[in-house]
Structures are given as C-alpha cells and as structure tokens.
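Hello,

Here is the structure I promised to pass on.

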Amino acid sequence: MKVFKYSFAIFLTASLLIFAQNDKKECPHEFTIVKQVDATPVKSQGSTGTCWAFASTSFVESELLRMGKVEFDISEMWTVRNCYIDKADRYIRYHGTSNFSQGGQAHDVMWTIKEHGMVPEKTYDGQPYEQEKYNHRELESVLKGMLDGIMPKKQGKLTPVWKEAFTSVLDVYLGTAPEKFEYDGKSYTLEHFAKHLDFNTDDYIEFTSYTHHPFYEKVNLELAGRLLLQCSGR
C-alpha cells in the first residue's frame, strides 16, 4: 500500500511538471480571423435557470448588430416574466402534469418578442429591489406553491382573479410591466420598439431531428420523457 501511495505521488508530481512545461511552450498553431460575428458584452444570469433567455437574447442583440443597428441591451427578464405567465396557464389547464420551472428554450424569446414586444434592459431589468445578482429560487418556489395551492382538482372551480394574483407576485419580484417607456428621448410602446428595430421573428426558424417523428413537420420538443413546456403560439 505504501509503495502504491509513493508511486502515485511520484506520478502525479511528474505529470504536473510536464503540464507546467507544456504551458510555457508557445502554441504552434496560428489562426486567422476570416469572419468575426459582433457580440454584446456577456451578462450574468446569476442564480437562475434562465440561461436560455440570456443566450437567445444575446443572439438577438448580435443580429441587430449584423443588421447595421447600434448596440442594444435587450431585457432578458421581460421574456422570463411573460413565459412564467404562459407556463402557469398551461400548468393549471393540464392539472399540474406539465412542467413548471425556470427552464425554457430559444424560441421562447422569439415568441415573447412576437406576442409582447421587447424592451431595453434599463427599462425592465427584473430587479425592483436591491440585490447583488439574479436569484429566482424563492420566486420559483412561491409561484409553484401558489399554483399547486389553487389547482382545480384541490379547490374546485378557480376564481377569475387567480392569474391577476399570480402576476402580482411577478410584479414584486421582477417589477411591474411597462406599457410605454422612454428611450433615447423618444416614447415607445412594447410592440413599437421591436418594429422600430425592424426585428421580425418570422425571419427565423428552428429545426431538430428525431427518427420517431415525420420529417419536415412541426413537432413538440421532448425532454426527460415528457413534453417540454414551451410558450404557446408556435
């Protein structure tokens, strides 16, 4: 056993020396940039499961640069807010059998832009109260707890104000949804801002490949043995 320990220690030390020597060598490969896609600065998603919103919004920002627009910082939390509302509606309608979580997909961003417009980050940053970084653990727990508590199979018929109560929680944690806002000295509505940027979601498609679905037809994206909850309207 002692021989094994000593041999392992010697091997580990030698390996570290080799790696250290390799690190000092210059890279033998040289790369020439043929085409560089412009991108906006990286933003932190904090302690949230909203990577899909940040990644896809970054794509939209890069597309605006490609189209010759100036650099824009688009709100990720605007998408997150609207998708939470849509997920809640599905969760209730399917009696809790659909997925309700922080996760999502790239097309949720496109759906939000098409159905609810887009807003700049400084208009809706999703941080109505002072915090170091985004953290949606408590938010998700409160939202799901509310939905499970008002589930029709438990409480009977729903009241007509349940969604208003649900939305009020989002107002507290993410901020109240703006109806119009000022940007660079001009007044915009949510829909008009997207049109002002000339960003058309119909110019983009997404595709996948499954052998158990017919090719060239629209299908629901499956994940973890169940249908992945998407925002409606696709």
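**Helix H3 and its neighbours**

H2 and H3 cross in a right-handed sense. The residues that make this contact are Trp52, Ala53, Phe54, Thr57 and Glu61 on the H2 side, with Glu76, Met77, Thr79, Val80 and Cys83 on the H3 side. Their axes come within 9 Å, and the crossing angle is roughly 130°, which means that H2 lies oblique to H3. Please keep in mind that this is a predicted model.

H3 itself covers residues 76-93, 18 residues in total. From its first C-alpha to its last it reaches 26 Å, close to the 26 Å expected at 1.5 Å a residue. How much of H3 is buried? The helix is mostly covered, with 15 of its 18 residues buried.

Both ends of H3 have a detail to look at. At its start, a side-chain oxygen of Ser75 comes to within 3.4 Å of the backbone nitrogen of Met77. Just after the helix, His95 adopts a positive phi of about 55°.

The other partner to look at is H5, residues 137-149. The axes of H3 and H5 come within 10 Å and cross at roughly 30°, so H3 is roughly parallel to H5. This crossing of H3 and H5 is right-handed. Which residues meet here? From H3 they are Tyr84, Ala88, Tyr91 and Ile92, and from H5 they are Leu139, Glu140, Leu143, Lys144, Leu147 and Asp148.

Best wishes

Note on methods. Residues numbered from 1 in each chain as written. Predicted model: local features only at pLDDT ≥ 70, side-chain atom pairs only at ≥ 80, totals over all residues. Heavy atoms only, no water. Helix = DSSP H or I, 4+ residues; strand = E, 2+ residues; numbered from the N terminus. Expected span 1.5 Å × (residues − 1). Buried < 20%, exposed > 50% of the residue type's maximum accessible area, 1.4 Å probe, protein only. Polar contact = N/O pair within 3.5 Å; in protein donor to acceptor, adjacent residues only side chain to side chain. Axes fitted to C-alpha atoms, helices over the stretch in contact; angles between N-to-C directions. Parallel < 35°, antiparallel > 145°, perpendicular 65-115°, else oblique. Left-handed = near helix turned anticlockwise from the far one by under 90°. Contact = heavy atoms within 4.5 Å.
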